Amino acid sequence: MPPLTKLRGLLLLPLALLAGCNMVVLNPSGDIARQQGQLIVISTVLMLLIIVPVIGLTIFFAWKYRQSNKEAKYQPEWDHSTELELAIWAAPLMIIIALGAITWISTHTLDPYRPLRRLEVNRPIPDNVKPLTVEVVALDWKWLFIYPEQGIATVNELAAPVDRPIEFKITASSVMNAFYVPALAGMIYAMPGMETKLNAVINQPGEFEGFSANYSGAGFSGMRFKFHGVTHEGFDQWVQKARAESTELSREVYQKLERPSEREPVRRFGTVAPDLYDAILNRCVDRNKMCMKQMMAIDATGGIGGAPGAYNVARKPWQPDEKNSPIRSYVTAMCTVEDPAGISIPRTNFRIEE
C-alpha cells in the first residue's frame, strides 16, 4: 500500500470510529439541551480561532527557521514589533470578551430554576399549557419518580408528553447523586435534605437514556432509567397503565424501597401518599422523627418552648456604634459552670438568628 494511502487511512480512522456513535449531547431532542450543545460548539470554535493559528505558526516557524535552511533571515538584534504585540494581545482579548458575554447571557437564560419561555425556536409556550410536575428522588441505587398531579409513582422509568414543559423537583435519600438525561437538559445534583429544580422540555418522541452522573457507591453503574418522550395521548395511556397497578407507595412501602438494591427493575405504583415527597425532603418519612422544617420553625421562634423568652432570646443593635442601627434577635444559651474553686461563673454564648 502506498504511503499516502496509509496516511489517509490513519486520518480517517477517528471519523470511522465516531460514525457509530450517537452524539446525543450535540444532537439532543430537548430545547434546553440543544441550546447547551450550541454553547459547546460556539465556545470550541472561538477557542480554535486562537489554537489553530498558534499550532500552525509554531509548525511554520520550526520549519522555516530550521538549521538547514540557509535562506532564512538571521536577526539576532530584533526584539520588538508593535503591530505583532497588538495582534498577539487583541485577538485573545476579543475572544475572552465574547466568551464572557455568552457566559453571562446563557447563565441567566438557561438557569435550571427559571421557568421555560419557549418550546423551541420561534415557538413560545401557549398560555393554556401547564408544566408537568415530576418529583425525583435519588435512592441507593435507583430512581423514584413521583407524579403528584397524576397520583402515581415509578421506579427507573420516566415519561413526559412532547412539547409540554416539565418542572423537576429533585432530592435524594442518602448520598449525593446527579440527575442527567443528556437528550433533555444538563446535569442537576440531587442532595439529601435539599431540593434542586430543573425546567426542561422534550421536543421529539423517543426513548432516551437517563442516569446518575455522580459516583454514589457500589451500585452506581446500574443506576440508569429510560425516559420516554410520548404524545399527549400516549402519556395518558402510560398514566392509566400505572394507575392500574394495585400497589400503593405509602411511607412504609417507601422505607422498604429506599434500602440499597442494585439494578432494580421498572416498578409502578397506582397511588402515592400525598405527603410522601415532602416527608422525604424533610427527612421525616419515619413518623417518629421530627421534620427539618419543624426544627427550623422552632429555631426561628427562639428554640424549644415555642415563643421567645427572656432566657433564650436576647435583642441588641446590629451595629452598636451606629445611632439608628436596627435591632436584631439572637438565640442565646445561658448557663453557669463550676470552676475548681467552686465559684459559679456565668457564661453566655450567642448565635445569630436573623
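**Salt bridges and partly exposed residues**

With a relative accessibility of 41%, lysine 293 counts as partly exposed, a class that lies between buried (under 20% relative accessible area) and exposed (over 50%), judged with a 1.4 Å probe and protein chains only. The model is predicted, so local features need pLDDT of at least 70 and side-chain atom pairs count only at pLDDT 80 or more, while totals for chains, interfaces and linings use all residues. Residues are numbered from 1 along each chain as its sequence is written, and side-chain values use heavy atoms, with hydrogens and water left out.

**Salt bridges**

- A total of 11 salt bridges is counted, each being a side-chain nitrogen of Lys or Arg within 4 Å of a carboxyl oxygen of Asp or Glu.
- Lysine 293 meets aspartate 278 in one of these salt bridges, at 2.8 Å from N to O.
- This pair links distant parts of the chain, 15 residues apart, with lysine 293 in helix α7 (residues 292-300) and aspartate 278 in helix α6 (residues 276-281); helices (H or I, at least four residues) and strands (E, at least two) are DSSP runs numbered from the N terminus.
- Aspartate 278 is likewise partly exposed, its relative accessible area being 31%.
- Glutamate 120 is partly exposed at 21% relative accessibility, and arginine 123 is partly exposed at 31%.
- A salt bridge of 3.3 Å, N to O, is formed by the side chains of arginine 224 and glutamate 209.
- Here too distant parts of the chain are linked, because arginine 224 belongs to strand β12 (residues 224-230) and glutamate 209 to strand β11 (residues 206-212), 15 residues apart.
- Arginine 224 counts as partly exposed at 41% relative accessibility, as does glutamate 209 at 31%.

- Isoleucine 88 lies in helix α3 (residues 82-109) and is partly exposed, with a relative accessibility of 47%.
- The C-alpha atom of isoleucine 88 is separated by 9.7 Å from that of isoleucine 50, a residue 38 positions away along the chain.
- Leucine 26 is placed in the loop between α1 (3-18) and α2 (31-64), where its relative accessibility of 42% makes it partly exposed.
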